[in-house]
Amino acid sequence: MNSKRKITRITAIIHRDLTDLVVSALKINKIHYFHMEAGRYPVLAKRGWLFFDFYQNHSIIDTPVTIFEVLCEPLAENFLLTLFRDAAELNVPGHGTVYSETIDLHSPVPTDYIFTTEEKNKAIGFSGLTGIFCILPRGSAEPIARLILQNGVAVPTISYGTGTGLRDKLGLLRITIPKEKEILKIVVHSSDSEHAMDFIIEVGRLDLPGRGFIFEFPMGRGLLNTKVSLEGPKQAASMDQIISALDQLHGNMDWRKKSNQFRQSTRQRNYFEGVNVVLNCKEETIESVLFSLRRVGVSSSTISLNKLMHAQNEKNAFTPAREVANLLIPKKNLPEVLSVLDEIGFFGEETEGIAYTMEIPRAFSYQSKGKK
């Protein structure tokens with residue numbers, strides 16, 4: 001089977017209180033299929049009244065969010081970015097983020113699964129962005145998020161998953177490496193991506209076994225959340241509002257570059273290239289799929305849960321409860337992986353599998369330390 005086609009993935013991270021408004025907007029505009037996942041974005045809490053509180057770390061307050069995902073034809077990108085912006089009022093700091101990516105879809109899907117429209121919309125958002133995706137042991141994301149926020153790098157998003165792979169190969173050491181994982185994502189200016197990755201690698205100690213992995217992925221356009229703190233404004237406008245206004249004034253985010261503010265690492269990172277394979281299938285079916293992929297060298301993955309919603313529930317071609325696996329593999333192994341998926345009937349009715357990929361220009365893990 002070779003049904004590869006280039007499409008656009010729209011990801012929107014929306015404050016949970018705005019979820020119903022967004023769902024209503026998606027249904028009204030006949031976006032038949034969309035995925036939903038629970039997550040959170042941390043913000044810095046207010047500091048205390050005492051002077052020495054300024055020298056202590058901020059505590060973190062978690063804001064619950066809903067992570068939406070819609071696949072669409074490239075011509076519908078601006079329509080969906082505008083829809084999410086307007087439905088959730090993303091010009092207000094703290095309401096959320098929306099961005100687009102180009103991906104390769106490798107599976108047959110119902111016609112209305114990929115949204116398209118004849119309506120033409122003006123391009124919105126900013127280009128020159130890079131996403132960073134990081135898998136960490138449960139409980140490790142918060143200290144990293146705190147430092148990201150304190151340094152003004154970005155506003156992170158955290159969701160949850162279960163890891164497989166290295167933990168099973170470490171003998172007695174595996175009892176210290178939990179299966180439960182946290183998935184941390186941030187969006188930065190592309191010129192800052194390597195420095196931001198290096199920052200997270202050092203703080204998260206990703207050069208140690210079982211600490212997870214990190215990669216960057218190219219993005220199209222996006223509107224980013226600027227709410228980093230709950231500190232109340234002492235002027236007519238808060239710093240978050242000023243940042244948002246400056247983005248609009250400049251028409252881009254170049255003025256936010258922070259490369260010269262990052263502490264340069266003294267270590268030489270051995271980054272590698274790869275492909276992120278995303279497998280989405282019926283709940284309780286992914287384990288057998290991953291077992292079959294072991295024979296072509298896929299030894300680790302991260303599994304999370306989401307729901308596949310449909311505007312008309314009675315016509316839903318998919319089971320709503322879904323499992324999602326992210327596999328980071330060498331590009332040369334992709335044909336073998338797709339062949340195994342086809343062979344085991346991943347795209348059939350029993351599994352209801354959907355597979356898409358994106359090329360990863362830079363990734364890092366403990367295993368890559370010794371690679372030259």
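The model is predicted, and local features require a pLDDT of at least 70, side-chain atom pairs count only at pLDDT 80 or more, and totals for chains, interfaces and linings use all residues. Residues are numbered from 1 along each chain as its sequence is written, and side-chain values use heavy atoms, with hydrogens and water left out.

The mean pLDDT of the chain (the predictor's confidence in each residue, from 0 to 100) is 84, and 80% of the residues reach 70 or more. Residues 50-55 have a pLDDT below 50, and this stretch makes three contacts in the model beyond near neighbours in sequence; contact means heavy atoms within 4.5 Å. Over residues 259-266 the pLDDT also stays under 50, with 13 contacts in the model beyond four places in sequence. Where pLDDT is low, the predicted coordinates should not be read in detail.

The chain comprises seven helices and 13 strands, taken as DSSP runs numbered from the N terminus (helices H or I, at least four residues; strands E, at least two). Of its 372 residues, 54% are buried, where buried means under 20% relative accessible area, exposed over 50%, and partly exposed in between, for a 1.4 Å probe and protein chains only. Among contacts with a separation of 6 or more, 82% join residues 24 or more positions apart.

Helix H1 (residues 19-28) packs with helix H2 (residues 77-88) at an angle of about 140 degrees, and their axes are 9 Å apart. Axes are lines fitted to C-alpha atoms, for helices over the stretch in contact, and angles run from 0 to 180 degrees between N-to-C directions. H1 and H2 are therefore oblique to each other; angles under 35 degrees count as roughly parallel, over 145 as roughly antiparallel, 65 to 115 as roughly perpendicular and the rest as oblique. Leu21, Val22, Ala25 and Leu26 of H1 meet Leu83, Phe84, Ala87 and Ala88 of H2. By class, this contact of H1 with H2 has eight nonpolar, no polar and no charged residues. In this classification Ala, Val, Leu, Ile, Met, Phe, Trp, Tyr, Cys and Pro are nonpolar, Asp, Glu, Lys and Arg are charged, and the others, Gly among them, are polar.

The axes of helix H6 (residues 286-293) and helix H7 (residues 334-343) come within 10 Å and cross at roughly 130 degrees, which makes H6 oblique to H7. Val289, Ser292 and Leu293 in H6 meet Val337, Val340 and Leu341 in H7. The contact of H6 with H7 has five nonpolar, one polar and no charged residues by class. Ser288 is also placed in H6 and, at 47% relative accessibility, counts as partly exposed. The C-alpha atoms of Ser288 and Ile344 are separated by 9.6 Å, although these residues are 56 apart along the chain.

In helix H3 (residues 141-150), the buried residues are Ala141, Ile144, Ala145, Arg146, Ile148 and Leu149. These buried residues of H3 pack against elements including strand E2 (33-44), strand E5 (129-137) and helix H4 (193-204). Gly152, which follows H3, has a positive phi near 65 degrees.

Positive phi values also occur in residues other than glycine, including Arg205, near 55 degrees, and Glu284, near 75 degrees. Arg205 is in the loop between H4 and strand E8 (213-218) and is partly exposed at 44% relative accessibility. Glu284 lies in the loop between strand E10 (272-282) and H6, and its 73% relative accessibility counts as exposed.
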